[in-house]
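Hello,

The structure we spoke about is below. My notes on what turned up in it follow directly after.

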Amino acid sequence: MDEVKDNLASKGVAERLTLGIIRILENMPGVADVRFAEREPAEKRSLLSWEQKRACILPEDLRDFYLTTDGFTLNWNVKLDNESVPLGCMKLNSVSRLSPLMPPVSLFSLPNAPSLCDLDWDEKEPGSAWSPAPPHFDSRSRIFELDSCGGNGKVCLVYKNCTPGVVAQSSEVWFLDRSLGWHFLTSSFTSYYRLMITHLGLPEWHYNFTPYGPSPQAKQWASLYQPLTFADPQDPISDPPLNHLDPSRAFKAKTKTPPKKKPSGQGGGGAGRAGAGRGGGVRR
């Protein structure tokens with residue numbers, strides 16, 4: 001009896017964590033093997049240790065998330081030719097794996113060895129209300145990896161305008177593509193979490209927030225399993241690529257062509273001759 005209660009409690013926690021997306025995925029056509037990895041909550045001392053070591057204050061919503069579950073992993077497959085093929089993946093690193101994007105410089109490294117800081121040789125654009133200023137790879141920003149995106153980029157927790165020796169407090173969530181270009185995602189972890197759930201962890205969904213978008217194959221998967229939120233980022237006015245089906249037209253039986261009527265002249269002449277005949281018969 002206690003085991004049944006524990007299972008029901010764990011299912012309830014998973015349902016709240018995933019915002020009901022597991023049940024939605026299981027009811028989608030072709031989706032199979034939806035797996036959610038349950039994890040224990042992170043300890044408060046591990047969060048405090050991370051903040052002291054990184055000189056950064058975790059956002060309140062991210063802290064609450066780690067106190068509920070130390071990381072997040074949800075995978076799901078699709079059936080193709082009677083085979084289960086991995087497709088969707090939603091992942092957030094644990095506290096221990098919330099590591100800096102750039103590892104500390106080794107004492108044995110060459111003094112003139114190239115690094116990501118070399119990409120900040122020019123001053124970047126200051127940004128605007130719609131597009132904030134991008135992060136820097138040098139000491140002006142502190143960047144930590146939230147998700148490796150399966151090798152298609154990196155989702156990062158970014159602290160900008162940092163000063164050496166001063167604890168950073170304000171953070172944002174950015175996407176670093178494979179060409180090392182920065183793309184703003186959200187200003188809070190909660191917004192990014194909802195964004196991740198909405199996109200179902202589909203391949204390359206982060207590239208919807210880039211000027212060039214995802215690959216054609218990723219667009220096909222998105223239009224199939226995510227028709228309500230998928231749209232072309234280059235054309236904000238365009239409608240989502242839905243299949244507009246009109247049952248009255250699609251399933252309407254083919255109508256038969258009515259037979260052609262005879263010309264009225266022939267019909268009138270015949271009627272006149274019939275009438276004349278009848279009239280002749282009466283006169284007799």
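Tyrosine 193 has a relative accessibility of 10%, and because the cut-off for buried is under 20%, it counts as buried. This is a predicted model. The ring of tyrosine 193 pairs with that of phenylalanine 72: the centres are 5.7 Å apart and the planes stand at 80°, so the pair is edge-to-face. The two residues are 121 positions apart, with phenylalanine 72 in strand β2 (residues 72-80) and tyrosine 193 in helix α5, so to speak a link between distant parts of the chain. Phenylalanine 72 is buried as well, at 0% relative accessibility.

Another edge-to-face pair is formed by tryptophan 174 and phenylalanine 184, with 5.3 Å from centre to centre and 75° between the planes. Tryptophan 174 belongs to strand β6 (residues 172-176) and phenylalanine 184 to strand β7 (residues 182-186), so this pair ties together parts that are 10 residues apart in sequence. Tryptophan 174 is buried at 2% relative accessibility, whereas phenylalanine 184, at 24%, is partly exposed. The count of aromatic pairs comes to 17. Ring pairs also join Phe36, Phe65, Tyr66, Phe72, Phe189 and Tyr193 into a cluster.

On the nonpolar cores: the largest has 49 residues, and Phe72, Leu74, Trp76 and Met90 have the most contacts inside it. Helix α5 (residues 189-198) gives the most to this core, namely six residues. Apart from it lies another core, of eight residues, which include Leu101, Cys156, Trp174 and Trp182.

Within α5, the buried residues include Phe189, Tyr192, Tyr193, Leu195, Met196 and Ile197. Just after this helix, leucine 200 has a positive phi of about 60°.

Which residues does leucine 74 touch, leaving out those up to four places away in sequence? They are Thr18, Ile21, Ile22, Leu25, Val34, Arg35, Phe36, Gly88, Cys89 and Met90.

Arginine 63 sits in helix α4 (residues 60-68). Its relative accessible area is 18%, and since buried means under 20%, arginine 63 counts as buried. Beyond the residues up to four places away in sequence, arginine 63 touches Leu47, Leu48 and Glu51.

Alanine 218 is part of helix α6 (residues 216-225) and is buried, with a relative accessible area of 5%. With neighbours within four places in sequence set aside, alanine 218 is in contact with Pro203 and Glu204. The C-alpha atoms of alanine 218 and tyrosine 207 are 9.7 Å apart, and the two residues are separated by 11 residues in sequence.

For the protein as a whole, there are eight helices and seven strands. It has 284 residues, of which 34% count as buried. Of the contacts with a separation of 6 or more, 54% are between residues 24 or more positions apart.

Regards

Technical notes:
Residues are numbered from 1 along each chain as its sequence is written. This is a predicted model: local features need pLDDT of at least 70, side-chain atom pairs count only at pLDDT 80 or more; totals for chains, interfaces and linings use all residues. Side-chain values use heavy atoms; hydrogens and water are left out. Helices (H or I, at least four residues) and strands (E, at least two) are DSSP runs, numbered from the N terminus. Buried means under 20% relative accessible area, exposed over 50%, partly exposed in between (1.4 Å probe, protein chains only). Contact means heavy atoms within 4.5 Å. A nonpolar core is a set of buried Ala, Val, Leu, Ile, Met, Phe, Trp, Tyr and Cys residues joined through side-chain atoms within 4.5 Å. Rings of Phe, Tyr and Trp (its six-membered ring) pair if their centres lie within 6.5 Å; planes under 30 degrees apart count as stacked, over 60 as edge-to-face and the rest as tilted.
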